[in-house]
Amino acid sequence: AYERRFPTCPLIPMFVASDTVNEYKSEDEAIHVIERRCKLDIDAPRLLKKIAGVDYVYFVQKNSLNRRERTLHIEAYNETFSNRVIINEHCSYTVHPDNEDWTCFEQSASLDIKSFFGFESTVEKIAMKQYTSNIKKGKEIIEYYLKQLEEEGITFVPRWTPPVACKSESSTSHPRRPVSPAITIPESATKEALSNKEILNTSSSPSEPTAGTPDDKLDADYIKRYLGDLTPMQESCLIRLRQWLQETHKGKIPKDEHILRFLRARDFNIDKAREILCQSLTWRKQHQVDYILDTWNPPQVLQDYYAGGWHHHDKDGRPLYVLRLGQMDTKGLVRALGEEALLRYVLSINEEGLRRCEENTKVFGRPISSWTCLVDLEGLNMRHLWRPGVKALLRIIEVVEANYPETLGRLLILRAPRVFPVLWTLVSPFIDDNTRKKFLIYAGNDYQGPGGLLDYIDKEIIPDFLGGECMCEVPEGGLVPKSLYRTAEELENEDIKLWTETIYQSASVFKGAPHEVLIQIVDASSVITWDFDVCKGDIVFNIFHSKRAPQPPKKDSLGAHSITSPGGNNVQLIDKVWQLGRDYSMVESPLICKEGESVQGSHVTRWPGFYILQWKFHSMPACATTNLPRVDDVLASLQVSSHKCKVMYYTEVIGSEDFRGSMTSLESSHSGFSQLSAATTSSSQSHSSSMISR
């Protein structure tokens with residue numbers, strides 16, 4: 001398919017022509033090297049072309065095909081202006097090491113502009129624009145020629161085998177096996193830089209079992225039973241993201257179904273999915289969302305006046321949630337409970353939805369990862385457009401969209417009144433495009449006609465208030481008595497209380513201003529355990545010991561930088577006049593922790609005294625040979641605004657006789673670890689532990 005773009009390609013307008021300069025074939029036909037001189041019509045300003053004195057730019061491209069190793073390497077460099085501009089590009093097609101039905105594609109390039117008539121900046125922009133355009137176009141071109149080959153009846157290429165004379169040399173290590181036909185090359189993440197890497201699917205049977213360990217592939221039966229249809233590309237994305245989580249979150253990872261939701265929400269762009277998933281895991285831990293169903297009891301007002309509840313399932317087996325929004329006094333609920341209590345109740349509904357999806361997956365024997373929501377708007381009026389109520393609704397939508405992606409399978413909106421377009425105009429911009437596609441809106445009694453409710457819900461479970469025969473136990477709502485209203489001050493205090501009920505503390509770490517926690521140890525051989533997430537920036541974690549107590553902790557003078565979340569602080573304990581080795585000593589090797597990592601560990605104390613846990617800003621090291629920072633380091637440092645990092649931590653001290661490994665804080669049920677985790681590993685996963693605890 002790649003070779004078909006020569007000598008010229010109509011899909012690449014700038015590629016005018018090419019001539020073969022050199023060509024080599026090995027005797028056994030395993031190696032084929034061809035070198036071409038390519039003529040390009042660069043999209044550059046006419047003035048620039050006139051100054052440069054050229055209309056076309058020439059590149060030399062060398063393609064090396066190795067049928068024995070099953071690789072294609074492509075090298076290209078510019079011939080025109082090679083004394084002023086140096087462009088080198090390298091691409092390679094290889095067989096995936098874990099699944100030989102997959103093709104790996106890697107592409108990289110370098111640009112060095114020495115001088116160009118004073119137009120160096122312009123040339124750089126043109127080169128970047130052209131290269132970015134080519135990257136995005138490359139997949140489309142390959143797909144075009146793959147489809148062309150299929151139309152011609154070419155659906156596979158026989159595996160290369162050596163001639164009979166040399167067959168004994170390689171026949172055992174390279175058995176003959178036809179390559180699966182190329183069908184599709186699914187979308188993959190594209191990095192907007194001079195580097196692009198993707199895995200292309202060339203398998204005709206996505207669920208076909210392949211050789212490998214359980215860590216580098218998923219069992220076909222497991223996929224079909226619990227995850228649904230996945231292309232090899234999607235399966236690969238899931239495996240890679242799960243492996244990354246295992247490395248950085250030390251075994252504390254969500255189940256595959258949950259990871260898959262975030263991947264689907266970002267069209268299987270691993271970088272984007274990883275970002276929102278890590279943010280969600282941190283949010284869940286900080287607010288102990290995993291325990292909300294077991295530890296939080298909704299106020300009686302909600303139980304009496306919140307007109308929503310679970311009601312059987314739809315025709316696809318999805319749990320069905322019914323919300324009689326038109327009968328609900330949103331203003332009264334906000335005035336009586338506050339925004340945070342309403343949000344917490346909606347979170348509990350979503351957590352219950354996740355649990356019901358797991359149950360229905362077992363009952364129906366197929367993957368069910370989302371639920372259906374039926375919203376009845378009968379009774380909706382201007383009272384529902386009360387500004388604080390709409391504000392609370394938008395906040396709820398924002399939190400749910402960020403932390404429960406791809407959980408809504410379908411939203412049926414019934415009996416929409418004339419005021420509905422006003423509400424829809426207010427809330428629709430806050431709803432993800434993929435989610436909006438799942439909305440079905442019916443005015444009046446349209447839901448009773450063709451394409452209505454009966455297409456999605458069995459007749460015998462349609463609620464009675466919609467003309468069905470099934471008694472629905474969802475509360476009818478009604479007006480909340482004004483006697484239950486509370487003052488703004490009472491509601492504010494309640495909101496703060498709800499979101500500070502967490503064992504974790506947040507802290508800011510600045511350049512030159514670490515955050516430190518003091519732990520006093522009376523009995524030697526006690527165990528200090530810790531669990532922290534690096535929410536922003538990169539930090540260095542240290543543990544120190546001192547025989548004398550530091551001065552009372554002082555709030556850092558950088559008060560202007562204090563974080564906004566509850567419990568945010570920056571405390572420094574080690575006096576600037578203290579000297580390491582004289583006034584205090586280091587008892588653990590420094591641990592560098594990257595943004596997004598979750599770290600758990602322990603230290604068995606040798607002496608009584610004062611131990612200081614320190615989170616310190618991690619500065620990027622300069623390049624050893626040039627004393628200049630590397631490009632990657634500069635880009636990383638730009639992500640840490642104002643040299644500020646953020647950590648969320650929990651520490652605990654226990655007696656050595658009670659110690660059961662560095663994860664004791666988890667085993668004692670004091671930790672807010674995610675219950676979405678399929679499993680939690682033992683102390684062997686700990687990043688830091690003393691020689692004694694090892």
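The legends below describe close-up views of a predicted model of one protein chain.

The model is predicted, and local features are given only at pLDDT of at least 70, side-chain atom pairs only at pLDDT 80 or more, while totals for chains, interfaces and linings use all residues. Residues are numbered from 1 along each chain as its sequence is written, and side-chain values use heavy atoms, with hydrogens and water left out.

**Figure 1. The whole chain.** The chain has 17 helices and 23 strands. Helices (H or I, at least four residues) and strands (E, at least two) are DSSP runs, numbered from the N terminus. Of the 694 residues in the chain, 48% are buried. Buried means under 20% relative accessible area, exposed means over 50%, and partly exposed lies in between (1.4 Å probe, protein chains only). The chain exposes about 35,700 Å², with carbon and sulfur atoms supplying 51% of it; accessible areas come from the Shrake-Rupley method with a 1.4 Å probe, and for residues only the protein chains shown count as cover. Among contacts (heavy atoms within 4.5 Å) between residues at least 6 apart in sequence, 73% join residues at least 24 apart.

**Figure 2. Helix α10, residues 330-337.** Six of the eight residues in α10 are buried, and the helix is mostly covered. The buried residues are Thr 330, Gly 332, Leu 333, Val 334, Ala 336 and Leu 337. After α10 comes Gly 338, whose phi is positive, near 95 degrees.

**Figure 3. Strand β21 and its partner β15.** Strand β21 covers residues 598-604, and seven of its seven residues are buried, so the strand is largely enclosed by the rest of the structure. In a regular strand the side chains alternate between the two faces of the sheet. In β21, Ser 598, Gln 600, Ser 602 and Val 604 point one way, Val 599, Gly 601 and His 603 point the other way, and all are buried. Strand β15 (residues 527-536) pairs with β21 in the antiparallel sense over seven bridges; two strands pair if DSSP finds at least two bridges between them. Val 527 has Val 604 of β21 as its bridge partner.

Figure 4. Side chains of opposite charge can pair when their charged atoms come close. A salt bridge here is a side-chain nitrogen of Lys or Arg within 4 Å of a carboxyl oxygen of Asp or Glu, and by this rule the count comes to 29. One of them joins the side chains of Asp 256 and Arg 242, at 3.1 Å from N to O. Asp 256 is buried, with a relative accessible area of 7%, and Arg 242 is buried at 11%.

Figure 5. Asp 271 forms a salt bridge with Arg 274, with the closest N and O atoms 2.7 Å apart. Asp 271 is partly exposed, with a relative accessible area of 32%, and Arg 274 is partly exposed at 24%. Another salt bridge joins the side chains of Lys 285 and Asp 533 (3.0 Å, N to O).

**Figure 6. Aromatic pairs.** Rings of Phe, Tyr and Trp (its six-membered ring) pair if their centres lie within 6.5 Å; planes under 30 degrees apart count as stacked, over 60 as edge-to-face and the rest as tilted. By this rule the count comes to 20 aromatic pairs. Trp 283 and Tyr 404 form an edge-to-face pair, 6.5 Å centre to centre with 90 degrees between the planes. Trp 283 is in helix α7 and Tyr 404 in the loop between α12 (387-403) and β11 (408-416), 121 residues apart. Trp 283 and Tyr 404 are both buried. The rings of Phe 541 and Trp 615 have centres 5.3 Å apart and planes at 40 degrees, so this pair is tilted. Phe 541 is in strand β16 (residues 539-546) and Trp 615 in strand β22 (residues 609-617), 74 residues apart.
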